[in-house]
Amino acid sequence: MDQPPSYQPEFVPMNGNKYMRLEDPHGAPKFQHTVVLGQPQPVVPQPRDHIIWSLCSLVYGNPLCLGMLAVYFSIKSRDRKMVGDLEGARKHGKTARCFNVVTLTLVILGLLFFFIIYGFFIYKISHL
């Protein structure tokens, strides 16, 4: 049978976790550490594109196609952000947010109006 090669005891781990460090024959250090100091870069917040809110406005309530306009401006904002035009992305994101707010307001007012009218008719029918 073939015997595995014999290893010198200083190169074989004793506990299984720790390994002995091999010495360089020339005495050079194994690792060199470099520390780079620099000025911290200012953190610029990324413009918001409100794409999720716009998609919800499109799917769940789309009065006067305002949800579609919100999605359009959200996509334009995301495209501007990818190109690197942060000011244009911020402007389109703000426009998308305005369309989303108007859409949400109209949907809430429409639902409120619907429930009031529905309650009024139920009341009238039940008291005939």
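L109 is located in helix α3, which spans residues 86–126, where helices (H or I, at least four residues) are DSSP runs numbered from the N terminus, as are strands (E, at least two). The model is predicted: local features need pLDDT of at least 70 and side-chain atom pairs count only at pLDDT 80 or more, while totals for chains, interfaces and linings use all residues. Residues are numbered from 1 along each chain as its sequence is written, and side-chain values use heavy atoms, with hydrogens and water left out.

A nonpolar surface patch is formed by L109 together with L112, F113, I116, I117, F120, F121 and I125. The accessible area of these residues together is about 830 Å². Such areas come from the Shrake-Rupley method with a 1.4 Å probe, and for residues only the protein chains shown count as cover. Patches consist of residues with over 30% relative accessible area and no salt bridge, with nonpolar side chains (Val, Leu, Ile, Met, Phe, Trp, Tyr) joined within 5 Å and like charges within 9 Å. A salt bridge is a side-chain nitrogen of Lys or Arg within 4 Å of a carboxyl oxygen of Asp or Glu.

Helix α3 also contains N100. N100 counts as buried because its relative accessibility is 0%; buried means under 20% relative accessible area, exposed over 50%, and partly exposed in between (1.4 Å probe, protein chains only). Apart from neighbours within four places in sequence, N100 is in contact (heavy atoms within 4.5 Å) with H50, W53, S54, S57 and A70.

The chain as a whole has three helices and zero strands. Of its 128 residues, 16% count as buried.
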